Amino acid sequence: MRHFVIVGSGPAGFYTAEALEKAYGDQARVDILDRYPVPYGLIRFGVAPDHQSLKAVSKRYDKVAESPGVDFIGNVSVGRDISVAELLDLYDAVILATGAPHDRKLGIPGEDLPGVVGSAEFVGWYNGHPEFADLDPFLNGTHAAVVGNGNVALDCARILAKTRHEFEGSDIVGHALDALDHSAIRTITILGRRGPHQIAMTPKELGELGHLEAAVPVVEPADFPPVEADEPLEPGLRKSVALLRGFADLSQDKPKHMVFDFFAKPLRVEGDGKVERIIVERTELDEKGSARGTGETYEVPASLVITAIGYSTSPIPDVPFEGGKFVNESGRIADRLYAVGWARRGPSGTIGTNRPDGYEVAEQIAAAVPAEGSGDREGASGLKRLLESCGVMPTDYDDWRKIEQTEVSRARPGSPREKFVRHKDWLQVLGR
Ligand SMILES: Cc1cc2nc3c(=O)[nH]c(=O)nc-3n(C[C@H](O)[C@H](O)[C@H](O)COP(=O)(O)OP(=O)(O)OC[C@H]3O[C@@H](n4cnc5c(N)ncnc54)[C@H](O)[C@@H]3O)c2cc1C
């Protein structure tokens with residue numbers, strides 16, 4: 001019997017488990033560890049609460065977790081409770097699927113002022129991540145700015161713009177719903193260093209902005225190249241750009257405005273003890289398509305600034321790490337040690353991108369670790385003994401089900417669940 005351990009229960013971890021199960025059948029056991037007793041990573045803590053259909057992908061992961069060769073082991077933080085070296089002793093291969101949970105910094109003066117938050121923090125706050133439950137973003141000013149031109153920036157802007165009514169059917173956490181309901185924000189400026197042709201926003205997410213109850217997107221037609229220039233764009237991007245162009249025809253007669261400010265590079269954040277404005281420099285594209293400053297500067301008022309410019313992985317002791325992710329070659333870090341998902345590639349791609357990624361690494365493992373073999377390694381029984389000896393109490397899939405059922409039973413009308421937002425509350429449900 002072979003024993004494999006996957007560290008991280010997000011999409012990448014689950015697709016890899018599914019692939020290993022297919023490759024080895026009943027000749028292997030796969031343990032999926034997570035630092036939290038609740039699985040699914042960014043499906044729970046990242047994907048927007050008003051995009052419930054996307055979150056339904058977790059049903060597929062449920063099936064994997066329920067299959068006889070796979071176990072979910074929660075409440076275990078690798079690098080803190082147990083080392084990678086210890087896991088390598090216990091398992092035939094260790095696969096790091098720890099995602100990329102930290103915000104990249106802008107690297108400009110003033111970004112540590114109160115009122116500037118990273119998108120991981122803001123998204124975590126409205127999605128019930130225990131580390132960000134107390135974020136309390138400043139919503140009492142009339143202006144906010146979101147820095148970034150990807151889908152996460154759009155998520156943040158849309159969540160700031162929606163009415164309480166528009167969150168019906170979502171699983172946004174109660175504390176965020178109440179705070180957003182009382183928000184004074186009326187203008188949300190979305191800052192991008194380059195232009196409409198360089199966005200990383202997909203048509204579905206952009207399209208939604210044109211149909212909000214109390215908010216309307218605003219674009220400046222002069223920011224767009226002639227319409228013929230859209231022709232050579234890849235079809236998805238061409239559609240996104242067409243949607244953006246269409247925003248120019250919308251009536252501005254709604255109380256909230258989402259202003260796309262292209263060719264705008266943040267230079268510094270200013271304010272007296274807290275953020276009040278961002279100073280930006282107008283840019284143009286150089287020959288290579290990069291943003292080049294023109295020297296013209298102006299200020300964008302904002303008492304809340306959300307940076308959405310990418311993420312980096314958490315280093316783990318003794319695992320080579322560079323450029324915000326684990327150093328790997330096609331997923332292989334070292335003998336019997338692999339990385340998948342955002343921990344392997346960095347923070348790009350959709351949920352589905354992690355599937356071929358996990359399958360590819362599982363194939364490599366299958367080639368390197370034949371099903372029939374020494375079978376010396378202990379796997380889960382050794383892991384549990386080790387954890388017990390250092391006072392760590394792991395949870396299992398049934399525990400997660402108990403937490404989930406309790407969350408569903410606490411849901412407000414029309415919402416699929418009311419999430420617990422503190423680690424201790426999860427453990428309390430389990431009587432720990
Ligand atoms: C705000 C946001 C919104 C998104 N929305 C969409 C969307 O609408 N559609 C879409 O297709 N994609 C979306 N994505 C992208 C998608 O979420 C990612 O592609 C995917 O989650 C990456 O999977 P992963 O398994 O690599 O990482 P993650 O999902 O981050 O999973 C990592 C897991 O590892 C665990 N972990 C971390 N460190 C440790 C440790 N030391 N020990 C034990 N466990 C650990 C974490 O708790 C987590 O469960 C979004 C991403 C973000 C950030």
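A polar contact is a pair of N or O atoms within 3.5 Å. In the predicted model described here, a backbone N or O atom of Ala97 lies 3.4 Å from an oxygen atom of the ligand, which means that the pair falls within the 3.5 Å limit of a polar contact. A polar backbone atom of Pro11 is 3.4 Å from an oxygen atom of the ligand, and a polar atom in the side chain of Asp34 is 2.5 Å from a ligand oxygen. On its own, the ligand has 1000 Å² of accessible area, of which the protein covers 91%.

The shell around the ligand consists of 30 residues, and those that come nearest are Ala12, Asp34, Val78, Trp342 and Ile351. Sorted by class, the shell contains 15 nonpolar, twelve polar and three charged residues. Two of the helices, helix 1 (11–24) and helix 7 (151–161), each contribute at least two residues to this shell.

Helix 1 is considered next. The helix has 14 residues, and the distance from its first C-alpha to its last is 20 Å, close to the 20 Å expected at 1.5 Å a residue. Helix 1 is largely enclosed by the rest of the structure, because eleven of its 14 residues are buried. The buried positions are Pro11, Ala12, Gly13, Phe14, Tyr15, Thr16, Ala17, Glu18, Ala19, Leu20 and Tyr24. Among them, Pro11 supplies the backbone atom that lies 3.4 Å from a ligand oxygen, and Ala12 is one of the residues that come nearest to the ligand.

Helix 7 is likewise mostly covered, with nine of its eleven residues buried. The buried residues of helix 7 are Ala153, Leu154, Asp155, Cys156, Ala157, Arg158, Ile159, Leu160 and Ala161. Charged side chains occur in this list, including those of Asp155 and Arg158.

Leu237, Ser240, Val241, Leu244 and Phe247 are the buried residues of helix 10. These residues cover an arc of only 105° around the axis and are therefore placed on the same side of the helix. An α-helix has 3.6 residues a turn, so residues three or four places apart point the same way. The exposed residues Pro235 and Lys239 are carried on the face of helix 10 that is turned away from its buried side.

Several loop residues were also examined. Arg35 is found in the loop between strand 2 (28–33) and helix 2 (42–45). Its relative accessible area is 34%, so Arg35 counts as partly exposed. Although Arg35 and Ser77 are 42 residues apart in sequence, their C-alpha atoms are 4.2 Å apart in space. Arg194 occupies the loop between strand 8 (187–191) and helix 9 (203–209). With a relative accessibility of 35%, Arg194 is also partly exposed.

Asp286 lies in the loop between strand 12 (277–285) and strand 13 (291–301). A polar atom of the Asp286 side chain is 2.9 Å from the backbone nitrogen of Lys288. The C-alpha atoms of Asp286 and Gly13 are separated by 40 Å, and the two residues are 273 residues apart along the chain.

Backbone angles set two further loop residues apart for description. Most residues other than glycine have a negative phi. Asp318, which is not a glycine, has a positive phi of about 70°. This residue is found in the loop between strand 15 (311–312) and strand 16 (321–322), and Asp318 is exposed because its relative accessible area of 77% is over 50%. Arg336 also has a positive phi, near 65°, and is a residue other than glycine. Arg336 is placed in the loop between strand 18 (332–334) and strand 19 (337–339).

Strand 18 itself contains Ile333. The relative accessibility of Ile333 is 12%, so this residue counts as buried. Ile333 and Pro203 are 36 Å apart, C-alpha to C-alpha, and 130 residues apart in sequence.

Key. Residues are numbered from 1 along each chain as its sequence is written. This is a predicted model: local features need pLDDT of at least 70, side-chain atom pairs count only at pLDDT 80 or more; totals for chains, interfaces and linings use all residues. Side-chain values use heavy atoms; hydrogens and water are left out. A residue is near a molecule or strand if one of its heavy atoms lies within 4 Å of it. A polar contact is a pair of N or O atoms within 3.5 Å; within protein, one must be able to donate a hydrogen and the other to accept it, and residues adjacent in sequence count only if both atoms are side-chain atoms. Accessible areas come from the Shrake-Rupley method with a 1.4 Å probe; for residues, only the protein chains shown count as cover. Helices (H or I, at least four residues) and strands (E, at least two) are DSSP runs, numbered from the N terminus. Buried means under 20% relative accessible area, exposed over 50%, partly exposed in between (1.4 Å probe, protein chains only). The arc is that of the directions from the helix axis to the C-beta atoms. The expected span of a helix is 1.5 Å times one less than its number of residues.
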